[in-house]
Amino acid sequence: MPDRHRQRDNAPDRPAEQVLLGVDTHKDVHAAAVITVLGATLDRRDFRATAAGFRQLTTWARSFGTLRRAGVECTCSCGKALARHLNAEDIEVTEVNQPDKAARRRHGKTHAVDAEAAARAVLSGRATESPKTGDGPAETLRLFKLAKGSAIKARTQAINQLKSVLICADPTLREDLAQLANPHLIKHCAQLDDALHDGPAGAARHTLRLLARRIQHLTEEIDDLVKQVARAVKASRPGLLDVRGIGPDSAAALLITAGDNPERLTSEAAFAALCGVSPVEQSSGKTQRRRLNRGGDRQANAALYRAVLTRLRWDPRTQHYLQRRTAEGKTKREIIRCLKRYIAREIYRLLTPTTTAPTTATPAP
């Protein structure tokens with residue numbers, strides 16, 4: 001197809017044509033497309049998701065002209081390594097959402113089509129957001145939180161399995177252990193001896209011991225990760241821990257949402273929208289109201305929600321705000337939405353390096 005394989009004019013008196021790169025990223029192979037600033041497709045090609053493949057992709061894209069911008073899908077997962085490589089090559093990377101499903105149904109779906117759509121999203125201005133860099137403390141916290149979340153899930157599963165085995169165990173053993181609290185139960189099960197028991201009774205004791213030791217090991221992992229998260233938060237943004245209702249876990253969730261380059265957030269309203277606490281109009285006829293925003297990062301939203309609940313219980317100023325807005329006719333859900341928005345503004349001032357953060361966090365009303 002000659003229109004997709006245009007020859008580059010090497011005449012010295014003609015400036016190089018500007019081109020845009022679009023990439024549809026996957027685990028092993030990235031599909032790339034190059035278009036001109038006028039929208040003409042130059043070429044499409046697949047590259048391996050390796051360091052050598054990234055270099056080949058960059059060289060290939062620059063063979064068509066001057067490459068300054070690229071649209072990349074999934075910059076927080078499969079495309080993270082490629083985005084870092086392009087940034088190192090002085091190529092501005094724009095995060096591109098997956099194509100609209102209706103457009104996919106009309107035009108079909110292939111990796112090459114998605115790559116070209118990513119380039120056109122940058123060209124048209126539909127995609128404008130800079131991706132997270134993923135090379136600082138926020139990425140460190142994300143990895144710690146990932147490991148901690150999986151360890152907590154595995155420990156909960158192991159505890160449930162231990163109790164289910166105990167229910168079906170020998171009545172004498174069950175009666176001895178049934179009244180123990182979880183810490184004492186796990187400690188006792190970890191010391192069970194199955195040498196004098198055969199058959200199902202011995203198998204039950206052996207299984208209980210294995211599960212209890214697994215729980216102990218996972219608990220040690222979780223305790224270590226809790227310390228790592230707290231240490232990383234203090235090293236990155238110690239002022240966050242001074243905000244009422246924000247602990248290490250909540251601070252880590254908010255830092256992960258903002259990323260290692262929070263300057264990409266243009267305003268505190270953008271951060272509120274990213275956390276899913278920006279108001280959404282839901283007015284109709286004579287009813288004028290706003291509803292909860294069900295979009296955004298749900299982990300950050302949950303962190304702000306926990307902060308609100310803490311302040312409603314312990315902060316007199318927040319309690320007074322609840323009473324005042326309730327008297328005005330607001331529901332508790334609407335009041336919590338407003339409080340989350342206030343706390344998001346307070347957090348943004350601490351996250352953004354260009355803004356002078358207050359030394360003492362002022363509670364939201």
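By class, five nonpolar, four polar and seven charged residues make up the lining of the second largest pocket. The model is predicted, and every value below is computed from it.

**Exercise 1.** Describe the second largest pocket: what is its volume, which residues lie nearest its centre, and which elements give two or more residues to its lining?

*Solution.* 
Step 1. The volume of the second largest pocket is about 310 Å³.
Step 2. Its lining consists of 16 residues, and those nearest the centre are Lys132, Arg142, Ile256, Thr257 and Asp297.
Step 3. Two or more lining residues come from each of helix H5 (137-167) and helix H9 (248-258).
Step 4. The element that gives the most is H5, with five residues.

**Exercise 2.** Strand E5 (residues 92-96) pairs with strand E4 (residues 66-73). How many bridges join them, do they run parallel or antiparallel, and what is the hand of the crossover between them?

*Solution.* 
Step 1. Five bridges join E4 to E5, and the two strands run parallel.
Step 2. From E4 the chain passes through helix H2 (residues 80-88) to reach E5, forming a β-α-β crossover that is right-handed.

**Exercise 3.** Why is strand E1 (residues 18-24) largely enclosed by the rest of the structure? How many bridges join E1 to E4, and how many join E1 to strand E2 (residues 29-36)?

*Solution.* 
Step 1. A residue counts as buried when its relative accessible area is under 20%.
Step 2. Because six of the seven residues of E1 are buried, the strand is largely enclosed by the rest of the structure.
Step 3. E1 and E4 run parallel and are joined by six bridges; Leu21 has Ala70 in E4 as its bridge partner.
Step 4. E1 and E2 run antiparallel, and six bridges join them. Val19 is opposite Thr36 in E2.

Technical notes. Residues numbered from 1 in each chain as written. Predicted model: local features only at pLDDT ≥ 70, side-chain atom pairs only at ≥ 80, totals over all residues. Heavy atoms only, no water. Pairing = 2+ DSSP bridges. Helix = DSSP H or I, 4+ residues; strand = E, 2+ residues; numbered from the N terminus. Right-handed = clockwise from strand over helix to strand, strands pointing away. 1 Å grid on protein atoms, 1.4 Å probe; cavity = no way out; pocket = protein on both sides within 12 Å on 5 of 7 lines; lining within 4 Å. Points joined across faces, edges and corners; volume = space filled by probe spheres on them. Nonpolar A, V, L, I, M, F, W, Y, C, P; charged D, E, K, R; others polar. Buried < 20%, exposed > 50% of the residue type's maximum accessible area, 1.4 Å probe, protein only.
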